[in-house]
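Take a walk through this structure, one contact at a time. Keep the 3D view open as you read.

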Amino acid sequence: MKTLYIDTSSDYLYSGIVINDKLVSSIKKKYEKDLSKEALPQVIELFNKANIIPKDLDKIIVVNGPGSFTGIRIGITIAKTIAWALNINITPISGLTAMAISCNTNTYKMPLIDARRGYVYGAIYDKDNNEVIEDSHINLQNLLNKSKDLDNVTVITNNDIDINLKKENYNPDILKIVNYFEKSDGVNPHLVNPIYLKKTEAEEKAGL
Amino acid sequence: MKDIYILGIESSCDETSCSIVKNGREELSTSTSSQIDIHENFGGVVPEIASREHVKNITLVIEDCLKKANMKIDDVTAISITYGPGLIGSLLVGMQAAKTLSYIYNKPLVPVHHIAGHIYANSLVEELKFPLIALVVSGGHTELIKMKDHFNFEKLGGTLDDAIGECYDKVARVMGLPYPGGPKLDKLSKEGKPTYKLPIPLNDDSYNFSFSGLKSAVINLNHNEEQKGKEINKADLAASFQKVAVTSIVSKTKKALKDYNINNLIVAGGVAANSGLREALIDMCKENNIHLSIPPLKYCTDNAAMIAAAGYYAYKLGRRADYHLNSLSTTSLQ
Ligand SMILES: Nc1ncnc2c1ncn2[C@@H]1O[C@H](COP(=O)(O)OP(=O)(O)OP(=O)(O)O)[C@@H](O)[C@H]1O
Ligand SMILES: [Mg+2]
């Protein structure tokens with residue numbers, strides 16, 4: 001079983017290739033603006049390091065949101081094109097779920113991505129990574145209010161968010177994420193699209 | 001000689017398009033997903049929505065294009081891609097797809113400037129004869145370009161403010177015509193007479209254009225008449241605007257052809273669909289013994305066939321990009 005993992009939903013490119021339960025190549029690198037230029041060359045580098053070619057892949061897992069719209073589109077377009085060319089399925093996953101899975105703690109988990117102006121993309125998962133509060137684009141205070149009856153919550157984030165809870169940095173455990181979705185058959189690549197969790201300003205203004 | 005098949009991808013604005021063109025001249029298939037209906041709700045292209053639509057459609061148009069041509073990507077020689085200029089979020093969807101295909105199928109990647117694409121739409125009609133003057137009239141450009149040979153572009157002049165297509169769209173909007181207004185304004189002008197007096201734009205010795213003064217004049221006229229409670233004759237106003245705009249473009253074009261002693265003119269871009277401009281250019285070229293090429297309407301607006309056609313000549317010239325190729329929202333023609 002050969003799986004390619006791609007997450008471009010933040011300023012970071014997180015990508016890796018898992019072959020038979022082993023992470024054989026991976027990258028975690030920050031890209032402020034050159035992601036569109038660097039993403040594919042970096043993925044190619046992963047194939048080379050893993051000593052396989054795209055046609056060897058069985059499966060692609062891609063983060064379809066939430067986060068940077070442009071970033072997500074870059075990762076998804078690469079994933080869709082590879083999967084379409086190879087005639088294989090894609091398993092689209094939430095980046096917030098990936099954050100929860102990567103975090104080893106016995107508490108509730110609150111993955112957060114800064115969405116500016118007091119808003120975050122966030123969710124709450126229990127220690128077994130079951131959703132307690134679904135992925136939302138939400139005012140941080142609202143999310144905190146919703147979580148106040150839960151004792152022991154760990155926040156997972158790479159952003160500078162001022163919050164009075166135990167905090168962990170996000171460091172994706174690609175092998176764990178890939179294994180977590182081991183049984184997923186995925187969907188046809190044509191059907192994979194970003195989950196923005198947020199309408200465009202133009203749509204909001206027009207009341208659409 | 002072996003036939004060369006180029007698969008072109010275009011996503012610079014609100015059309016996701018894929019084409020296969022044989023030897024730079026013969027369109028085998030095109031699949032385009034247009035977003036006009038969606039952006040109509042907003043009175044113009046909304047960049048974020050355009051990007052979202054491109055991601056939805058990109059693999060679908062590629063698949064559809066290949067199906068129509070009854071080909072596989074293995075059968076194509078190279079992949080050409082619009083790298084700019086355009087909306088950055090839109091451009092980079094096509095770019096990621098093109099780079100990925102190029103990698104997986106091990107096909108050369110040929111970068112194409114969007115305006116080179118508009119110009120080479122003409123080669124889908126007839127072989128380009130050099131030297132020539134290319135008149136580029138589109139939503140974002142109004143330029144006169146001299147070409148001595150393939151991909152040899154010398155810009156003689158361009159607009160100092162609004163592009164002609166942009167000007168059409170803005171004037172149409174003020175006159176209450178739905179988006180995209182250019183074609184509708186064109187149609188309306190045929191029902192009227194040029195009775196309104198409007199200023200002639202930038203009537204000087206350069207090859208430059210200026211349309212913002214004309215635009216303001218139409219907008220002010222429309223406004224003043226409304227204030228006076230007078231019914232404006234929209235068809236007449238449209239005809240007046242079109243006459244002045246077309247006259248300005250044709251006279252500068254004529255001057256360039258004359259000054260450089262060139263007798264081939266090609267027209268490119270969405271506004272080449274304009275009926276008044278077409279008629280006036282045909283007349284001017286007949287009078288001056290100029291060979292004129294204007295592509296059919298389907299090649300005037302954004303489409304991937306023109307990117308594949310340009311891609312062929314770029315490929316023949318050895319132009320290649322590696323997987324680090326990036327999209328550029330602004331970039332000069334080369
Ligand atoms: N018959 C017509 N008369 C006037 N304008 C027209 C006509 N048909 C199309 N247009 C205008 O052409 C423009 C679209 O052309 P095109 O698709 O070439 O532009 P673009 O791709 O937006 O800009 P660019 O190619 O410069 O980036 C629009 O402004 C549209 O209103
Ligand atoms: Mg165009």
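Begin inside chain B. The C-alpha centres of domain 1 of chain B and domain 2 of chain B lie 27 Å apart. This is a predicted model. Domain 1 of chain B is written in two pieces, 5–121 and 299–316. Domain 2 of chain B covers 130–294.

Now look at where these two domains meet. Domain 1 of chain B brings 19 residues to the contact, and domain 2 of chain B brings 19 residues too. Together they bury about 1,500 Å². Carbon and sulfur atoms give 74% of that area. Three residues stand out on the side of domain 1 of chain B: I119(B), Y120(B) and C300(B). They supply 38% of the area that domain 1 of chain B buries against domain 2 of chain B, more than any other three residues.

What kinds of polar pairing cross this boundary? The rule finds 0 salt bridges between domain 1 of chain B and domain 2 of chain B. There are 4 residue pairs in polar contact, counting pairs with both residues at pLDDT 80 or more.

Which helices form the touching side of domain 1 of chain B? Helices α1 (36–40), α4 (114–120) and α11 (304–316) of chain B each supply at least two residues. Helix α4(B) gives the most, with 5 residues. By class, this side of domain 1 of chain B holds 12 nonpolar, 5 polar and 2 charged residues.

The magnesium ion (ligand 2) has three protein donors: H114(B) through NE2, H118(B) through NE2 and D302(B) through OD. Along the chain, the donors follow the spacing H-x3-H-x183-D. H114(B) sits in helix α4 of chain B, while D302(B) sits in the loop between α10 (297–300) and α11 of chain B, so this pair ties together parts that are 188 residues apart in sequence.

Next, step out to the boundary between the chains. Chain B gives 31 residues to the contact, and chain A gives 34 residues. The area buried between chain B and chain A is about 2,900 Å². Carbon and sulfur atoms give 67% of this area. On the side of chain B, look for R52(B), T59(B) and Y103(B). They supply 22% of the area that chain B buries against chain A, more than any other three residues.

How many salt bridges cross between chain B and chain A? The rule finds 1. It joins the side chains of R73(A) and E48(B), at 2.9 Å from N to O. The pair runs from E48(B) in helix α2 of chain B to R73(A) in helix α2 (residues 69–86) of chain A. Over all chains, the structure holds 21 salt bridges. Polar contacts also span the interface of chain B and chain A, with 11 residue pairs, both residues at pLDDT 80 or more.

Which elements carry the side of chain B that touches chain A? Helices α2 (47–69) and α3 (88–105) of chain B are the elements that give two or more residues. The largest share, 12 residues, comes from α2(B). This side of chain B has 18 nonpolar, 8 polar and 5 charged residues.

Terms used. Residues numbered from 1 in each chain as written. Chains lettered and ligands numbered in written order. Predicted model: local features only at pLDDT ≥ 70, side-chain atom pairs only at ≥ 80, totals over all residues. Heavy atoms only, no water. Domains from an automatic or database assignment. Contact = heavy atoms within 4.5 Å. Buried area = accessible area lost by both parts, 1.4 Å probe. Salt bridge = Lys/Arg side-chain N within 4 Å of Asp/Glu carboxyl O. Polar contact = N/O pair within 3.5 Å; in protein donor to acceptor, adjacent residues only side chain to side chain. Helix = DSSP H or I, 4+ residues; strand = E, 2+ residues; numbered from the N terminus. Nonpolar A, V, L, I, M, F, W, Y, C, P; charged D, E, K, R; others polar. Donors = N, O, S within 2.8 Å, 3.2 Å for Na, K, Ca; no water.
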